[in-house]
Structures are given as C-alpha cells and as structure tokens.
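I'm jotting down what I looked up, one entry at a time.

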Amino acid sequence: MVLQDLINALFLGLPAWVPTAIAMTGMGAGILTLLFRPRGRVALRAAAIGLVLCQVLLYLVFA
Amino acid sequence: MHPLDLALVAGYLLLITAVGIGLSRRVDSAGDYFLAGRSLSWWVIGLSIIGTNVSAEGYLGAAGGAFNVGIAQANFEWIGAIPAMILAAFVFIPLYWRAGVYSIPEYLGRRYNQWVRLIAALIASVFSIFAIGVALWAIALTLETFIGLPKWLGISISALVIGLYSIAGGLRAVAFTDALQVCIMFCGGLVIVVIGLEQSGGLAGFAAQLTAAEPQHLDLFLTADHPNFPWPGVLLGLSIVLSPAYWCGSQVILQRTLGARTEWDASASMLLAAFGKTLVPLLIVFPGLLAVVLGAEIAYPDMALPWVIKNVLPPGLSGLMFIAIIAALQSTVDSSLNSTALMLTRDVRGVLQADYNPDNDLRFGRWLTLGMLLLGVACAPITGQLEGIYVFLQTLLSLFQGPMLALLVCGAFATWPTPRAGLITLLVDTLCAGVLLLLGTNMLWVAFLTFLGALLLLRVTSSFTRGLTAEELGPLVYGAPAIDTAVTDAGQPGATT
C-alpha cells in the first residue's frame with residue numbers, strides 16, 4: 001500500500017497508462033538516438049538513460 | 001492443422017535454410033566461421049541476441065511459468081536482464097573487445113590461467129548441450145501438439161534444418177537467420193496479444209478476469225517464502241548474480257558482439273537487445289496469463305502456449321505463431337551450436353592439445369557443430385522427464401554463475417586476483433553450489449550465496465598466491481596501463497598484440 005501511495009503521489013493520481021506512455025517514449029527516444037546519432041558515445045548514453053527510465057516506470061506501474 | 005498453416009511452416013523452413021546456406025559462401029576461415037569475419041552491424045547482432053535469449057530461457061517455459069506464478073515471471077526479462085545488459089554494453093563488451101578475444105573463457109584464461117579457461121569452457125559447453133536438448137524437445141512438443149508429429153520425427157526435422165545452415169554458414173548465417181526469426185517471433189506474439197485481449201474484453205476485462213481467477217497473478221513480487229520466486233531471491237540472486245553472470249559472461253550471447261564490425265556496434269547491439277527485451281514479456285508471459293483467463297485445462301504448465309495457439313488463433317495466424325515458436329527455439333539451437341563449437345575448438349582443444357594448429361579450426365569447428373547437434377538430439381528426451389523446462393535451465397545455470405561472475409567482476413576491475421586463486425575459487429565454489437542445491441536451497445539463493453562465497457574465497461586465496469605482472473594485466477583490467485591490442489584473425493589463443 002505504501003508503494004501504491006507513492007505511485008499515486010508521483011503521478012498525481014493519473015491512470016497507469018500515463019507512466020506507461022512515458023516509459024514507451026523513453027524507449028522510443030533511445031532507439032531513435034541509436035538510429036540517427038550512430039557511432040557516438042552520446043547515442044549509447046541516451047539509449048541507456050531511455051532504458052533505465054523505462055524500467056523504473058514499468059516497475060512503478062506493475063509493482 | 002489447416003493447409004494454410006502447413007504451407008506457412010513449409011515456406012518458413014525453406015526460407016531459413018536458403019538464407020542460411022546463401023550466407024555460407026563467405027566462410028573461408030575460422031574467423032569467418034566463429035566471428036563472422038568481424039563484420040556484423042549492431043542491428044543484426046541486437047536482434048540476434050534477443051532471438052537467442054528468448055528461446056534460451058524458454059518460449060514455452062516462460063509462458064508455463066506465467067501460467068503458474070503470473071506476471072512475476074516477467075522479472076526474468078526486466079530486472080533480471082536490463083540492468084545487466086546496460087552493464088555489459090558499457091563495461092564488459094568494451095573490455096572483451098580491447099582484449100581481442102574470441103571467447104569469454106579465453107578472456108578468463110588470459111586473466112587467470114589456462115585451467116580456468118578450460119573449466120569455464122567445459123562447463124559452458126555442457127550447459128549448451130543441455131540447452132540444445134531442451135530447445136529441440138520444446139520444438140518436438142510443439143510439433144506434436146499441432147500436427148501430431150511423433151517427437152522423434154520433430155526433433156530429426158529440426159536438427160536437419162538447423163544443421164544445414166549452422167554447419168555451412170557459421171556465425172554470420174546464425175546471426176542473420178536469428179534476426180529474421182526474431183521479426184517473425186514478434187509478429188506472431190503481437191497477434192496473440194491483440195486477439196487475446198479482444199477475446200477477453202480488452203485490457204480492463206483481461207485484468208479483471210485474471211485477478212478473479214488468480215489474485216496473485218498480477219503481483220510482480222511474490223512472498224519471501226514462495227518456492228520458486230521469493231522476492232529477496234529475485235532481487236539478490238537474479239538481478240545481482242544470475243543476470244549479470246549471464247549477460248556479461250555467457251559465450252552464447254556475447255559471441256556475436258565479438259563479431260561486430262566496431263566496438264560501438266558491439267555496445268549498441270546490446271542496448272538494442274535491451275529495448276527488445278523490455279517488450280518480450282508481452283510475447284512470452286502474456287500467453288501464459290491468457291491461458292489462465294480463458295480457463296485452459298492443460299496437463300502441465302509448458303503446454304500453456306501451444307494451448308493458446310490451438311484454441312485462440314484462427315487458421316493461418318496459428319501457423320504464423322507456430323513458426324514464431326519454432327523460430328525462437330531454432331535460434332537457441334544454432335547459437336548454442338556455434339558458440340559451443342568455438343569453445344571446444346579453441347578453448348578446450350587449444351589448451352589440451354600440445355601441437356594445436358589454429359589452421360584446422362574451421363574444419364574442426366564444422367565437425368564439432370555436427371557432433372554437438374547429434375548430442376543435443378540424444379539429450380532431448382531426457383528433458384521431457386522434467387517438470388518445467390525453464391526452472392530446469394535456471395537451476396543448472398545457478399550452479400556456476402556465482403563463481404563465474406565473481407571471477408569476471410574482480411578480474412575486470414581489480415589487479416589483485418591471482419591465477420591460482422581464480423582456479424581454486426571456481427572449483428570449490430561450484431562444488432558448494434552443487435551441495436546447496438542438493439540440500440534443497442532455492443536456486444536464486446544458491447546463486448547469491450555462492451557469489452558472496454566466491455568473492456571472499458578469491459580475496460583470501462589471492463593474498464598468498466602470485467599475481468600477474470602489470471604487462472600481463474595490460475588490456476585485461478580497467479585501470480591497468482593501456483597497451484596496443486590489435487586483433488589477430490585466427491591466431492593462437494591469447495596472441496592478440
């Protein structure tokens with residue numbers, strides 16, 4: 001219940017699809033960075049940040 | 001089975017065989033066969049990693065696990081994969097690349113000693129043969145469920161198709177066919193999700209029915225005393241030990257990254273695979289949950305996915321999904337074959353044979369691939385006696401993942417681990433893992449405890465044994481002085497400067 005309250009507080013009571021959408025956006029941004037900024041260290045870092053963001057939000061939704 | 005489904009299956013098998021054999025024309029050396037001539041681009045490798053991994057963990061087994069325990073099964077795809085994949089992309093893949101090795105046992109051999117290399121290669125090879133057997137058995141199970149094909153015939157047909165392109169084309173054929181197989185797999189999986197949700201009244205209806213049937217099935221973390229997935233075990237054993245050991249130390253997974261055309265391609269491929277991995281639960285966990293919602297009456301959990309395909313999908317689409325399963329499982333078998341052949345050719349033969357000649361690697365590797373395939377076929381029926389494919393594989397893994405991860409992490413980041421300490425740790429800790437498993441300890445706890453034990457043992461034994469010189473440590477440890485590490489194509493193991 002504590003976790004659920006935390007999730008509600010974090011997302012101001014918004015429905016679960018909101019963080020899911022944010023997670024998917026993070027993922028999409030990561031993939032697009034890999035596609036359009038190849039060969040650079042920046043692209044790898046951006047992709048990793050997208051992945052981490054996505055994971056955190058998925059766990060907040062399903063925990 | 002509907003004629004349309006049969007046509008799809010036959011077309012797929014022909015396509016895969018043709019693509020694989022077509023790519024075999026460019027194999028002229030051991031470097032071409034085992035590392036695709038270091039020519040693979042990041043998207044091919046990334047897709048190939050997903051294909052190899054999904055099937056390695058068991059397409060059918062994961063759906064069966066979800067049928068049993070619910071969405072907690074997705075932990076193996078999320079917390080039990082993504083952080084470790086990021087670690088592999090930024091830390092271990094660049095390290096292996098700079099060391100210029102063909103395999104992870106080769107890295108361990110140079111960082112510790114040739115005995116560590118030999119044992120690591122043998123352990124991984126035995127596991128791979130079992131994995132091949134498990135995958136072939138799963139294919140046979142699926143073929144029997146759908147078209148009533150006897151298991152021995154299903155295994156034989158699968159082995160023939162896989163053998164043709166794996167033996168001829170090596171890693172390049174394996175990687176490209178894997179990429180194709182993953183695309184088919186995702187298409188088939190998404191069809192199940194769409195139709196399944198439609199039949200169960202949308203996402204809200206699905207969740208409501210699932211919660212009514214099995215209230216715990218939407219909980220990601222189960223109770224601490226759960227027999228298979230206790231939450232502390234998931235956090236400590238799975239995410240801290242099993243997952244990094246697999247993603248940062250598995251030859252089957254990492255071999256294709258060593259075949260990348262640049263270091264950037266190698267790292268980027270792992271991140272692409274991580275994005276795919278995030279979506280994988282939708283494809284392999286969802287069908288298990290759908291079987292619960294639709295009230296499937298099945299003999300054992302691994303039949304959940306075949307049941308869904310048979311009872312939910314219309315003709316044509318069920319053929320597509322059937323192909324997706326076969327594709328997923330085939331990608332495990334072909335990848336395991338190639339990586340096992342590499343380890344036995346270079347890491348086992350290279351260490352044991354006094355007059356080892358790398359010029360014979362290509363011919364030797366091809367014969368070994370055939371031998372491994374036949375051994376996998378022989379092992380396949382044994383796996384049929386076990387309750388759950390997935391748990392069986394993970395249990396085997398947990399035996400040596402703890403010590404292996406300790407050796408990799410300490411070897412990569414510290415200069416103090418010594419060769420002899422590495423050997424002692426690997427032997428003693430693997431033995432301890434076996435004892436713990438025999439005593440009935442949960443595999444996740446075994447992994448975590450043996451990892452801690454290995455760290456301690458490695459530190460203690462290193463304090464009274466002789467370490468490597470700074471020059472020997474060179475490209476093998478972060479923080480050591482950098483030296484030139486140009487890669488030889490098919491040279492002696494370890495000869496990379």
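**Entry one: B:Arg38.** I looked for B:Arg38 and found it in the loop between H2 and H3 of chain B. This is a predicted model, so I'm reading angles and areas off a prediction. Phi of B:Arg38 sits near 50 degrees, which is positive, and the residue is not a glycine.

Is B:Arg38 buried or exposed? I checked: its relative accessible area is 19%, and B:Arg38 counts as buried. The cut-off for buried is under 20%.

**Entry two: B:Ala36.** Which loop holds B:Ala36? I traced it to the loop that runs between helix H2 (30–35) and helix H3 (42–57) in chain B. B:Ala36 isn't a glycine either, yet I read a positive phi of about 55 degrees for it. I looked up its cover too: B:Ala36 has a relative accessible area of 0%, so I wrote it down as buried.

**Entry three: chain A.** I turned to chain A and went through its secondary structure. I noted three helices and zero strands. Going along the sequence, I wrote the pattern as α-α-α.

How much of chain A is buried? Chain A has 63 residues, and I got 37% of them as buried. For the accessible surface of chain A I put down about 3,700 Å². Carbon and sulfur atoms account for 77% of that surface.

How values were computed
Residues are numbered from 1 along each chain as its sequence is written. Chains are lettered from A and ligands numbered from 1 in the order in which they are written. This is a predicted model: local features need pLDDT of at least 70, side-chain atom pairs count only at pLDDT 80 or more; totals for chains, interfaces and linings use all residues. Side-chain values use heavy atoms; hydrogens and water are left out. Helices (H or I, at least four residues) and strands (E, at least two) are DSSP runs, numbered from the N terminus. Buried means under 20% relative accessible area, exposed over 50%, partly exposed in between (1.4 Å probe, protein chains only). Accessible areas come from the Shrake-Rupley method with a 1.4 Å probe; for residues, only the protein chains shown count as cover.
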